[in-house]
Amino acid sequence: MTLKVTGLVRRHAGNAAPTLKGLSFDLPAGTLTALLGRSGAGKSTVLRCVMGLEPFEQGTVEIDGVVVRGTKEVSPQERATQLREARARLGLVFQSFELFPHLTALQNCTLAPVQVKGEGQQAAEARARELLVQLGLEHRIDAFPEQLSGGQKQRVAIARALAMEPRVLLYDEPTSALDPSMKNEVLQTLKRVDATGVTQVVVTHDLALARGVEHVCVLDHGVVIEAGAPAEVLQAPKHETTRALLKDWT
Amino acid sequence: MRRVRVPLGLVLVVTALTASAKEPLRWGADSQGGAPYVFQDPMDPTRLTGFEVELAGLLASRLGLTSQPVAGPWDKLLELLARGDFELALNGIEVAEEKKRVALLSRPYFAAAEVLTVRRADASAPRTLEALAGRKVGTLPGSLAERIAQRHGADVRTYEGGQDEIYDDLKLGRTDAVLLDDPVARYYADFDEALESIRGDFGVVEYAIAVRLDDQPRLEALNRALDGLAADGSLRALYERWGLWTAATAKLLGDADATPRAHAIEYDRWKTAVGHLPPFWERVRTRYPSYLPLFMKGAALTLLASLAAMALAIALGVLLAVGRRFGPGAVRWACVAYIEFFRGTPLLVQLTMIYFGLPELGVRLDPFAAGVIALGLNYAAAEAENYRAGLESVPRGQQEAAQVLGLSTLQTLRFVVGPQAVRISIPPMTNDFIALLKDSSLVSVVTLTELTKTYTTLANSTRDHLGLGLLVALCYLLVGLPFARLARVVEARFARHLSREAP
């Protein structure tokens, strides 16, 4: 087990029903998983809760043996410690990438390793270069984000996350900010990362992307309604909502 | 306990013997007050001149001290005296009850009759006190002349600037008459053909030297020195040279002869220097070069005070902005309270509180420190708001991205949000610095002679307001423009990453 989410409850202020109603899933190490569901199903909220960008009231998030508990269950200090340890094992690629605009691609990738992990500048740069080259950015290493295309920005964002050597890498809608012709390129990138053994979780609305992964989870109203290999879930959906969703997408 | 009585004379002798011969006699005056009291010599503006400058010199040498003038605004002289910025105030201070409450006054050293001045060509001009009722009358604030004009029902206009402006307004028809002390009328109105000075029985004002309430020994020493100067004819000789030996003064000094025996050489020098202002270009060639050192000195003080105040404003502004954005509740509240207080109250009030008010609490700052601190504290509020706008302009996602990578709040501020916010904050910061450069003229109320004060005093002693005004404007531009340019360079540097051109 690398990422296990158990009984997650997240209530947004002002909403009658919780966004997450005891959501659970357990992803084996090294898999590439897609989280599917309609808008409002709770997909992005799960990612934000796992990353600690949003609090959750109840349940646990477990990464590699590190457990983060809900705000109702532990003191804020304890939770902060848990989150810090969990974040050291996690990475997130934002939908809008959120590259630091005043730093070059290389500097984006070395800032956290040097400042957070205390790596030497040279070692961090060497590793960052290696990652950028692996992701096909050898000619854009010293470019500023503003000078990159959407796809290049996304790959820098992935390299930036990978530079921190996460066990689990999360993606929020990786194809939505890109030109449709780029979708295949995104899948290729995910597969390249998959080959390195990192567990990846992709929130997506993109059926083509979902078909290319190893495992899918379908969310509805804050719970997982169906999970399994894409061949099963997408070819022969058992749940009515999944069928409706697939019908909408095709 | 037995009291030991020591004769005062012995004390003074001992004091005189033990004091170093070079000990200064610090006396406060406002050179903006103009001729013939204390003013810059129009022919050599680096030199302070005036009959009171000479009187201070005579007194100092009688007391075995060196005369050291200290500049301060005329209406603040007694406060500066009480604060300890100098030991005596000597600058046309009228003998009046309200002054005796805040300072000890010496025996009067000069008596001046009030003089009514009108436009010569104005047939309906008020030429008696009774005729002043309902007419517009210009004078100096807080003077006997003001009280007399008010008593006679005049519509009184008072002027904070120089005497020159009072007579200029009369000539321009903005007022109908001017009531002022005889020396002022002599030096600013008498030789002007457009004006007519009427010397009637309008009242007499006496000038005295002010010392601190607790400084009785000094008052006694001064009175003895003044008595000596009156007895040996030094005062009469002094007043004659300045053309100020009048019936009122003769009477005051107990001299039966009101007719001057000597030529008024200083008065003639003044008339020659300012009676007819040479044309502008001639002034540019012949006079202004000699004024440059004064303007440069003023500009240096303006620049130094502004730079120091801006440094303080930036440092404090950053703390306030960060405290307001990221601090816990109490810190946020304190930051907002600070910003609202300093932004919402006048700088002059803050400066006055810091310089004149804090000594009550035992905090005595020197003028430069007080000026810099007041300007810095005030502008910190503006800077804090600038930086807050800069911080808020950085999208929230940037902070989340830093958080996800494990950066602490401080690291996020330093490496991610700060550098992006700076670019947004530079243009308003440049504006603020230019505004601060101009606002620094307020430090003249705490005895500092910066650029604006240099201009106002010089303009008043040379009666050249327009030409020198252009000169001082040029000085401000020369001081400010390089910073505006520098700001653009720095801004471009921070915006490098926004260029879409590939590296």
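This is a predicted model: local features need pLDDT of at least 70, side-chain atom pairs count only at pLDDT 80 or more; totals for chains, interfaces and linings use all residues.
Local features need pLDDT of at least 70 and side-chain atom pairs count only at pLDDT 80 or more, while totals for chains, interfaces and linings use all residues. Residues are numbered from 1 along each chain as its sequence is written, and chains are lettered from A in the order in which they are written.

**View 1. The two domains of chain A.** Domain 1 of chain A covers 3-89 + 168-249, and domain 2 covers 100-165. These bounds come from an automatic or database domain assignment. The domain centres, taken over C-alpha atoms, are 25 Å apart. Contact joins 10 residues of domain 1 to 8 residues of domain 2; two residues are in contact if their C-beta atoms, placed from the backbone, lie within 7 Å. On the domain 1 side, helix 6 (residues 183-194) of chain A gives the most, with 4 residues. Helices (H or I, at least four residues) and strands (E, at least two) are DSSP runs, numbered from the N terminus. That side of domain 1 has 6 nonpolar, 1 polar and 3 charged residues. Here Ala, Val, Leu, Ile, Met, Phe, Trp, Tyr, Cys and Pro count as nonpolar, Asp, Glu, Lys and Arg as charged, and the others, Gly among them, as polar.

View 2. Strand 6 spans residues 90-93 of chain A and is covered on both faces. A:Leu90 and A:Leu92 are buried on one side, A:Gly91 and A:Val93 on the other. A residue is buried if 20 or more other C-beta atoms lie within 10 Å of its own, exposed if 12 or fewer, and partly exposed in between; C-beta atoms are placed from the backbone. Strand 6 runs parallel to strand 7 (residues 168-172) of chain A, joined by 4 bridges. Two strands pair if DSSP finds at least two bridges between them. A:Leu90 has A:Val168 of strand 7 as its bridge partner.

**View 3. Helix 5 of chain A.** Helix 5 (residues 150-162) of chain A reaches 18 Å from its first C-alpha to its last. That is close to the 18 Å expected for its 13 residues at 1.5 Å a residue; the expected span is 1.5 Å times one less than the number of residues. Of the 13 residues, 11 are buried. Among them are A:Lys153, A:Arg155 and A:Arg160. The buried residues pack against strand 6, helix 3, helix 4 (121-134), strand 7 and helix 6 of chain A.

**View 4. Where chain A meets chain B.** Chain A puts 21 residues into the contact, and chain B puts in 18. Helix 3 (residues 105-115) of chain A gives the most to the chain A side, with 3 residues. That side divides into 13 nonpolar, 4 polar and 4 charged residues.

**View 5. An open sheet in chain B.** The sheet has 5 strands in the order 4-1-5-13-6, with mixed pairing. Strand 4 (66-71) and strand 6 (104-105) of chain B stand at the edges with a single partner strand each, so one side of each has no neighbour in the sheet. Strand 1 (residues 24-29) and strand 5 (residues 88-89) of chain B run parallel, joined by 2 bridges. B:Trp27 has B:Leu88 of strand 5 as its bridge partner.

**View 6. B:Val349 in helix 15.** Helix 15 of chain B, residues 347-357, holds B:Val349. B:Val349 counts as exposed because it has 12 C-beta neighbours inside 10 Å. B:Ala374 is 25 residues from B:Val349 in sequence and 9.5 Å away in space, C-alpha to C-alpha.
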